[in-house]
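Let's take a walk through this model, one neighbourhood at a time. Have the coordinates open and follow along.

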Amino acid sequence: MLAAAIFLPINLVQAVVAESNVAAATVISAVLGGMASFLYCGLVIPSVPGMHRGGDDLAPGEMARTAAPFAGALLAAGLVYIVATLAGVVLFIVPGLILATIWFVVPPLIVLEGRDLGRAFARSREMVRGNGLRVFGTILIIGVIVIVAGIAISFAGALIGGTAGTFVGSWLASIVTAPPLALAVTVVYLELGGRE
């Protein structure tokens with residue numbers, strides 16, 4: 001439900017722009033999608049530690065209230081993360097993968113530890129140090145799942161055709177792939193010794 005609401009406007013804009021300019025739609029999708037992913041992670045994060053201990057998760061309203069004070073920081077962190085990692089990938093591939101790995105646990109650091117933007121990125125690097133291969137392996141596994149699911153669902157949307165098909169496919173792909181990523185980010189944070 002939260003993923004549907006967060007990704008709805010982004011996928012609608014992407015579908016409309018894609019009708020006239022696919023390159024612009026791809027950039028819009030990547031940047032806004034990265035920011036929205038961080039926001040979604042921030043909303044889901046408060047319920048994961050309880051589930052991790054075998055307890056209940058929070059209701060969507062409780063998640064939103066808990067994460068609301070961090071929304072601006074999460075959106076800004078998402079923008080920094082996506083622009084830096086994409087630039088690293090486009091330029092030399094490896095720097096982008098390194099940044100994606102060392103900054104993987106930024107959302108929980110913002111929400112669970114209340115760190116500001118700079119400290120969250122620095123602390124994420126500290127937490128991942130010595131565990132880079134494990135974290136990168138998690139990113140690869142989640143990445144494959146997200147990419148395969150996203151392509152399959154987007155392809156199904158493309159069969160509908162036109163703007164509606166592009167919108168439905170990309171929106172459903174976002175809804176299906178956001179939860180595994182949010183859970184992975186938070187579980188990795190907890191496994192690296194983060195606070196609950």
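What follows goes from a loop to a core residue, and then on to some helices.

A bit of housekeeping comes before the tour. This is a predicted model, where local features need pLDDT of at least 70, side-chain atom pairs count only at pLDDT 80 or more, and totals for chains, interfaces and linings use all residues. Residues are numbered from 1 along each chain as its sequence is written, and side-chain values use heavy atoms, with hydrogens and water left out.

Start at N21, which sits in the loop between α1 (2-18) and α2 (22-44); helices here are DSSP runs of H or I with at least four residues, numbered from the N terminus. N21 is partly exposed at 36% relative accessible area (buried is under 20%, exposed over 50%, partly exposed in between, with a 1.4 Å probe and protein chains only). A polar atom of the N21 side chain lies 3.2 Å from the backbone nitrogen of A23.

Now move into helix α2, where you'll find Y40. With a relative accessibility of 9%, Y40 counts as buried. Leaving aside residues up to four places away in sequence, Y40 touches L2, A3, I6, F7, A178, P179 and A182 (contact means heavy atoms within 4.5 Å). Y40 and A71 are 31 residues apart in sequence, with their C-alpha atoms 9.4 Å apart in space.

Y40 also turns up in the largest nonpolar core, which has 44 residues; Y40, F104, V105 and V106 have the most contacts inside it. Such a core is a set of buried Ala, Val, Leu, Ile, Met, Phe, Trp, Tyr and Cys residues joined through side-chain atoms within 4.5 Å.

V106 leads us to helix α7 (residues 106-113), which is largely enclosed by the rest of the structure, because seven of its eight residues are buried. Those seven are V106, P107, P108, L109, I110, V111 and E113. Just after α7, G114 takes a positive phi of about 65 degrees.

Last stop: how do helix α5 (residues 71-92) and helix α6 (residues 94-102) cross? Their axes come within 5 Å and cross at roughly 150 degrees, so α5 and α6 are roughly antiparallel to each other (angles over 145 degrees count that way). On the α5 side, Y81, A84, T85, G88, V89 and F92 meet V94, P95, G96, L97, L99 and A100 of α6. The residues of this contact divide into nine nonpolar, three polar and no charged.

Definitions and conventions:
Axes are lines fitted to C-alpha atoms, for helices over the stretch in contact, and angles run from 0 to 180 degrees between N-to-C directions. Helices (H or I, at least four residues) and strands (E, at least two) are DSSP runs, numbered from the N terminus. Angles under 35 degrees count as roughly parallel, over 145 as roughly antiparallel, 65 to 115 as roughly perpendicular and the rest as oblique. Ala, Val, Leu, Ile, Met, Phe, Trp, Tyr, Cys and Pro count as nonpolar, Asp, Glu, Lys and Arg as charged, and the others, Gly among them, as polar. A polar contact is a pair of N or O atoms within 3.5 Å; within protein, one must be able to donate a hydrogen and the other to accept it, and residues adjacent in sequence count only if both atoms are side-chain atoms.
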